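Work through the exercises below with the sequence and the model at hand. Try each task before reading its solution.

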Amino acid sequence: MFASFTRHSSLAAVVAIALTTVACGGGKGNPLAPSTTAATPPPTATTSTTPPTTTPAPPSTGQGASITGSVMGIGGGSGIRAQASGLSVQLVGTGQVKTVDDRGGFAFDDVPSGDAQLRFTGSGTDAAVAIGGVASQERISMTVSVTGSTAVVVSLSRDSAQELRVTGIVDNLDRVGLSLTVAGRRVQATGATKIEEGSVHRTFADLSNGLRVEVKGQPQNDAVLATQIEILGGAATVPTPSPTPTPTPTPGTGVGTQVNVRGSVSAISGSCPSLSFNVAGSAIRTSAPTSFVKLTCADLRAGDTVEVEGVRDSSGAINATKVQAEDGVATGPTPTPTPIPTPTPTPTPAPGVGAQVNVRGAVVGLGGGCPALTFSVAGTAVRTTASTSFLKLTCAAVANGTTVEVEGIREANGTVVASKVQAEDGVTGTNPVVTEVEFLGNLTAMSGSAPSLTLTVAGRTVKTTGATVVRRSGNEVGFSTLRTGQAIEVKGTSAADGSITATRLTIESDPTGAVSEVEFVGSITAVSGSAANGRLTVGGRTVTVTAATEYRGKAASAFAALKTGMRIEVKGVSQSDGSVLATRIDDED
């Protein structure tokens, strides 16, 4: 069940999927938590072209978990052997120490439940990585790049009785078959798979090769049947050890990252819906799913001031998901001479070192001390300095689970140096707590009597009260509907002991895999029929509406108001043919 890399894969491809930089002394709770220590980096050498082979885990002798891994590094003529020679791995807090073999492999058995930390030591090396929430009998496989005082988790696969989790970079994306490859594992999505980026609902159409994701699901034959795909962002770069200078960013760096640019339109060419133009030095491309706000595709003219949101592709161009005119830009067509077609401009290198970054999410892996904190937000490593401003909370008030928005500048190793850390509304004072959490997982245990139940969902303790609402297929149902084996979406508030007090439990599927409620966001590409029997195509999925469908939002006040290019949120029930019967449609524009 472990992730592996085939021998014909190049090390460059493996390095491109590095998730986040971590070093010794990091916080708990995040499998990729950063940590810091002082150590002398090893000498620079030549990158190996053969990835390491993961050593199989020895048979378990108890109820503990197992961790197998491969250390990859920048070795000499003998490749990984030069990096692994004399390197030891310690399972901190247990007394277990393993010597990395000449293939870079190591393995631990009977790993206790809870947060684990692996420390790598050797000549010129002292670095660590943290693995949060290790469960009993869980099988964990990982690949780690170790250089001096820095360790980078390249890929991670976790297989437990509750679910299978794989973290890595999207490859071999098949939009028709709803399949992809992550960290060497084939992943199969369905119409019921929840795809999210932070708190934003996404669709399969929003995925692209090069994105860094975490997949949660169940094993099915040789694949992972995904229940949830969390978009973490683009691939980070594995840092190069000193004293080698940091390489200059090249075009294509940051493939799959979300980009936001604002400026005047220039060098426009093509025809709707497929336009090409420049904004603030970036090449922009539009397509049928692109939504236009405060203007139409046909209204766009050179000189218009617009804000563009989109995703960076491998050529460096931005594939626009939204083009919005700034206030004051006319929405009607302006008679102008037909522009002479201009060749598509050469793509501008994607933002890398020195790029302005904005991320939002819960703080995990908190380490360090004020003013120099280290933590992760939405899969991005963050560090603060004496120049960082804190809004709606103090530096000392930052805690794991605090929901914040971070603005800052990206460093060469992918870490964001924060210029501002702002708590989300409702998180104030000197000891903020998590106000709301939402996650999906399998219900594996249940005790107590209604309405005061204690559940275990995705390994987390969830408590219900008389105010907890249980829903299934869009309808409110009783506590007696809950069964172990069901996939449950939990929404509620966290307590100081780490438990969740549920405000809502949504039954997403039964143990048989029967799909119930579905919710996703996408752009309308086709509309037909009537309000009583209508059909939409949204993000490549077929949506059926009836007289019972509820409409919300100004532009989605009725079926007749729905137009192609409009971005909407659909909530409904999955049908046997893969379509969705809509119970509610919300306007996202």
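**Exercise 1. A charge and a ring**

Task: Find which ring lies under the charged end of Arg541 in this predicted model, and give the distance from the ring centre.

Solution: Start at the charged end of Arg541, which sits over the ring of Phe520. The distance from the centre of that ring is 4.3 Å. A charge counts as sitting over a ring only if CZ of Arg is within 6 Å of the ring centre and within 35 degrees of the ring normal.

**Exercise 2. Aromatic pairs**

Task: How many aromatic pairs does a search of the whole structure find? Classify the pair formed by Phe106 and Phe120.

Solution: 
Step 1. The search finds two aromatic pairs.
Step 2. For Phe106 and Phe120, the centres are 5.8 Å apart and the planes make an angle of 75 degrees. Planes over 60 degrees apart count as edge-to-face, and this pair is edge-to-face.
Step 3. Locate the partners: Phe106 belongs to strand 5 (residues 105–111) and Phe120 to strand 6, 14 residues apart, so the pair links distant parts of the chain.
Step 4. Buried means under 20% relative accessible area. Phe106 has 2% and is therefore buried; Phe120 has 0% and is buried as well.
Step 5. Phe106 and Phe120 form one aromatic cluster together with Phe108.

**Exercise 3. A salt bridge between buried residues**

Task: Which residue forms a salt bridge with Glu138? Is Glu138 buried or exposed?

Solution: 
Step 1. The partner is Arg158, and the closest N and O atoms are 2.8 Å apart. The cut-off for a salt bridge is within 4 Å.
Step 2. Glu138 lies in the loop between strand 7 and strand 8 (139–147), whereas Arg158 lies in strand 9 (residues 150–159); the two are 20 residues apart.
Step 3. Glu138 counts as buried because its relative accessibility is 2%. Arg158, at 3%, is buried too.

**Exercise 4. Partly exposed partners and a network**

Task: Where in the chain are Arg383 and Glu411? Which residues are joined with Lys194 into one network of salt bridges?

Solution: 
Step 1. The side chains of Arg383 and Glu411 meet in a salt bridge of 2.5 Å, N to O.
Step 2. Arg383 is in strand 25 (residues 380–383), and Glu411 is in the loop between strand 27 (403–410) and strand 28 (416–423), 28 residues apart.
Step 3. Arg383 has 30% relative accessibility and so counts as partly exposed. Glu411, at 25%, is also partly exposed.
Step 4. Salt bridges that share partners join Lys194, Glu196, Glu489 and Arg504 into one network. One of its links is the salt bridge of Glu196 and Lys194, at 3.7 Å from N to O. Both of these residues are buried.
Step 5. In the whole structure, the search finds 14 salt bridges.

Notes: Residues numbered from 1 in each chain as written. Predicted model: local features only at pLDDT ≥ 70, side-chain atom pairs only at ≥ 80, totals over all residues. Heavy atoms only, no water. Helix = DSSP H or I, 4+ residues; strand = E, 2+ residues; numbered from the N terminus. Buried < 20%, exposed > 50% of the residue type's maximum accessible area, 1.4 Å probe, protein only. Phe/Tyr/Trp six-rings, centres within 6.5 Å; stacked < 30°, edge-to-face > 60°.
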